[in-house]
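Reader: I have a structure open and would like to go through it. Can we start with the strands and then move on to the rings?

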Amino acid sequence: MAASRAGPVELGFAELAPAWRLRSEQFPSKVGGRPAWLGASGLPGPGALACALCGRPLSFLLQVYAPLPGRADAFHRGIFLFCCREPPCCAGLRVFRNQLPRKNDFYSYEPPSENPSPETESVCLQLKSGAHLCRVCGCLGPKTCSRCHKVYYCSKEHQTLDWRLGHKQACAQPDHLDHRIPDHNFLFPEFEIVIETEDEIFPEVVEKEDYSEIIGSMGEALEEELDSMAKHESREDEIFQKFKTQIALEPEQILRYGRGIAPIWISGENIPQEKDIPDCPCGAKRIFEFQVMPQLLNYLKADRLGKSIDWGILAVFTCAESCSLSTGYTEEFVWKQDVTNTP
């Protein structure tokens with residue numbers, strides 16, 4: 001899934017898919033479940049995937065497969081987004097980029113098979129690099145059960161959760177461990193992100209109000225302070241109306257991808273300036289790559305998890321050069337814009 005700098009916007013929609021389509025070797029774009037890691041080495045560790053505010057493990061939110069045409073070193077390229085859903089820490093967000101050449105140590109040079117072998121239907125908790133993954137969340141699991149030494153965790157919190165949900169009993173008989181993983185009530189529901197190109201035809205029936213005329217009709221009695229306030233509210237409403245018009249043809253979109261273009265904001269508040277987007281450690285600027293839409297919240301069933309997450313827009317910015325400072329996962333930048341009290 002890739003868009004050239006001047007190319008059309010690509011839209012992502014959540015759809016159910018068979019388990020094999022969401023595994024790493026199929027290079028999926030997906031929401032929820034466990035991460036389908038791209039590179040099998042240099043994964044972000046538990047410290048990088050802990051909320052900076054509350055310290056709890058972050059939840060995997062989604063990943064976007066976004067190779068760069070013409071870049072041999074980024075023939076395979078994925079961006080992985082994590083969030084904290086513990087109120088009031090739901091602003092905790094981290095995003096990581098990983099890229100590989102076509103010839104690499106983990107995947108075939110040829111395109112993936114549409115007829116997977118049966119083992120790809122099961123959850124794999126050990127990568128080809130030998131790295132073990134947490135039994136609860138699927139992230140790097142450096143901790144192991146001290147009794148059976150056969151299951152791995154990213155944190156004490158996830159080890160305790162798994163212990164309560166059955167590992168306490170299974171651990172007593174390590175030679176008969178049940179490899180079926182219980183529902184820990186931690187992962188978000190899993191969906192494939194299906195991509196379509198946005199139509200360039202916009203609905204002509206949408207009427208755009210003339211805000212300057214509205215303000216002018218208030219008369220000369222309008223105080224200077226009220227005039228300033230009205231102009232601000234008009235701009236705010238105009239931005240929100242533009243947002244609604246932009247998504248009107250495809251209201252179910254959960255993601256908008258367009259590397260190097262401008263995002264569409266849901267509010268006039270908290271729009272980042274260039275100085276707010278930190279440069280990549282390589283020295284290059286970061287540019288907009290994709291945004292997560294508020295419609296995704298309808299699919300996450302966060303209320304089922306007893307947690308609270310919310311956003312207006314999550315805008316992901318990545319290195320303009322898509323650098324290869326390391327062979328692992330490079331942290332990028334995400335900007336969270338909340339919904340204001342728009343009409």
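Reader: How many bridges join strand S1 and strand S8, and in which sense do they pair?
Author: This is a predicted model. In it, S1 (residues 10-15) and S8 (residues 191-197) pair over six bridges, in the antiparallel sense. Ala14 stands opposite Ile193 in S8.

Reader: What is the order of the strands in the sheet?
Author: The order is S12-S5-S4-S3-S2-S8-S1-S9-S10-S11-S13, an open sheet of 11 strands with antiparallel pairing. Strands S12 (330-331) and S13 (333-337) stand at the edges; each has a single partner strand, so one side of each has no neighbour in the sheet.

Reader: Rings now. How many aromatic pairs are there?
Author: A search of the whole structure gives 12. One of them is Trp37 with Phe80, a stacked pair at 5.4 Å centre to centre and 25° between the planes.

Reader: Why does that pair tie together separate parts of the sequence?
Author: Because Trp37 is in the loop between strands S2 (30-31) and S3 (59-65), while Phe80 is in strand S4 (residues 76-83), the pair links parts 43 residues apart in sequence.

Reader: Is Trp37 buried or exposed?
Author: Trp37 is buried, at 2% relative accessibility. Phe80 is buried too, with a relative accessible area of 1%.

Reader: Different topic. Where is Gly283?
Author: Gly283 is in the loop between strands S9 (255-257) and S10 (286-292). Gly283 is exposed, with a relative accessible area of 52%.

Note on methods: Residues numbered from 1 in each chain as written. Predicted model: local features only at pLDDT ≥ 70, side-chain atom pairs only at ≥ 80, totals over all residues. Heavy atoms only, no water. Helix = DSSP H or I, 4+ residues; strand = E, 2+ residues; numbered from the N terminus. Buried < 20%, exposed > 50% of the residue type's maximum accessible area, 1.4 Å probe, protein only. Pairing = 2+ DSSP bridges. Phe/Tyr/Trp six-rings, centres within 6.5 Å; stacked < 30°, edge-to-face > 60°.
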